[in-house]
Amino acid sequence: MIKRFSKIIIVGSVLFSLFLFGCAQKKVNTSDEQPKDNQAVQSATDNQKTKDAKAEEAVKAEELAKQKKLEQEKKEAELKKQEEERQKKEAKAKFQNEKVFFAFDSAELNEDAQKILENKAEWLRQNEDAKITIEGNCDERGTTAYNLALGERRAESAKKYLVALGINGDRIVTISYGEEKPAVIGSGKAVWAKNRRDEFIINSGL
Amino acid sequence: MKKIMLFFLIFVCVMLQISFVFAGEDSIKFIDVNPFIHKIPVSIPPFIAVSDRKNLETVMQDGNRYLKKLLQFTSYFKFDESNSVLGGLVATRIDFEKWKKAGDDMLISVGCYLSGDSLEMEFRLFDVVKKELLVGKRFKGKKNKSKVMIRKFASAVMSSLFDNKGLFESRLLFVSDHGGGKDIYLCNFDGTGIHQVTADKNIAISPSWSYDNKWIAFTSYKRHKPEIFIRSLDLGKGYIISKGNLNITPEWIPGKFCIAGVFNLRKDPDIYMVSVNGEILKKLAGGFGIDVSPSFSRDGSRMAFVSKRGGSPQIYIKNIKDNSIQRITYEGAYNTSPSWSPTGRWISYAGMTKDDGINIYLIRPDGTSRKQLTVNSGDNEDPVFSPDGSLIAFSSSRNGKKKIFVMTKFGDDQRLLIRDLTGNQSEPAWSH
């Protein structure tokens, strides 16, 4: 009795598996022809698999490349920005630190002075909101009073030149400190030369 | 014998010539040559107590020292140190021969009378040679006012002998960086009694006295640019003149309550007369080049100033009435800082040369008789006359830092005036 039953089950499952296998096979083989043998089916499937994988990879690679490119561009833009900011800072520092020097008892601008002022005019054009003060100074020789007047002339001389280069005079204030605010304390020709100067201070706008 | 006579004759002639050359210098009643070379020998024997000698001891000893110090300061006098007793207070009681033999030209007798707290001092100045009384003064006051009385007598002596007024009551304003930054200070004629006028620790410079000595004007950067501040010494109130960005070198104008100052109203710094409220009254000097540092003759008729109109900074004089202008310095490439003497007969200034830095010079208002007063002693600037015209105060870097010195107007006895103040001192201004 049991023997007959188990025989039926075994045959049944085999038949069922075959049936399933047959269906599965049918699914894979969407093309018209029925698979003749398993090997052919296998390789065709593999080919397809590789193709797809490759396609996926290609897409991935493309995506990756795109990302990389974007990152690169972002980095470059960042660097550019930093560079620009650095240059801006440098230009501003240059504007403030670069002084104009004068000969003894003179408010005349020599060639170097003129070049420096041209640079300053350029900066003022780039920074339209900036307002500045020009401070005129003298070396320690000579009387306080005379040096106050000379310092004023030195400041005005630079202002006049900037105005001639197109800068609006309303943006510039002048003040004289005479011999009262030396850049370098001491005596002697070298020290005196460093003190006969105009200083440029940025008031506002930046 | 003849040779000796001849020699003597020639000597006398030469001496006469010399005295003719020097006659016509500043009229100083008593002596007409440089009085500081030949100082007047004078004796001030110990004071005499007419009563209450015990309580007068200190007053008399201190007083004697103080009177000597005052007269010594003027550089006109020299003292012998003998302590001979006077013999009496009045001419009839004094043995002038004794003093003449001792080498004195003059003699001062002082008598003191003390009653409780009330002190009376009697001063007499005698001409020893002529045996005459020249100055007699009597003062009465509290015992602690002895120095005031002595000063008054000393002033009377100066006034009588040298036609000079107010040296011992005068004061000086000056600039010092003693406290950090530059501030204005005040002191007595002899450099004592220093006290601070401004305390901003910023930059306060170029002080100037009004002619009644009650107001001062100066330049200050307290409000971030040079402005002229005018202040009453008693009342503490004042004004600020602020025209444009340059307001410097204020000088009071004689006889008026207004200021001459330098302002940059057009192209160049020029000199204008302005009211204390800042109203422009008149342009005093201007035109091409810097014009700065006005200084007025005491009668207000003429103004000395510095101008670069000729290409280099030089001293010019303007006649206020007819507006004519004349240059007076032609030697040296840089002459500034003119200061008019109270007598109107001299102008002192600072001249810079390549070899010897800056030195003080004297020159007549017509540009003649130029004299150099300092030499080979660092930088000497900012000369200013005392109100009696006998002394000049100036700043000198001969000892390193800039200090205020004083000398006679002929350049003798150059010595430190303001001691005991560290830092640099400059720009003295002497009261009138």
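In chain B, strands β4(B) and β5(B) form a hairpin with two residues between them, strands being DSSP runs of E of at least two residues, numbered from the N terminus. Within the turn, Gly116(B) adopts a positive phi of about 70°. The model is predicted: local features need pLDDT of at least 70, side-chain atom pairs count only at pLDDT 80 or more, and totals for chains, interfaces and linings use all residues. Residues are numbered from 1 along each chain as its sequence is written, while chains are lettered from A and ligands numbered from 1 in the order in which they are written.

Leu114(B) has Leu119(B) in β5(B) as its bridge partner. Strand β4(B) also pairs in the parallel sense with β2 (residues 48-51) of chain B, over three bridges, with Ala49(B) opposite Cys112(B). Strand β1 (residues 40-43) of chain B likewise runs parallel to β4(B), through two bridges, and Ser43(B) stands opposite Leu107(B). Eight of the 10 residues of β4(B) (residues 106-115) are buried, so this strand is largely enclosed by the rest of the structure; a residue is buried if 20 or more other C-beta atoms, placed from the backbone, lie within 10 Å of its own.

Four bridges connect β16(B) (residues 270-275) to β17(B) in the antiparallel sense, and Ile271(B) stands opposite Ala285(B).

Conventions:
Two strands pair if DSSP finds at least two bridges between them. A residue is buried if 20 or more other C-beta atoms lie within 10 Å of its own, exposed if 12 or fewer, and partly exposed in between; C-beta atoms are placed from the backbone.
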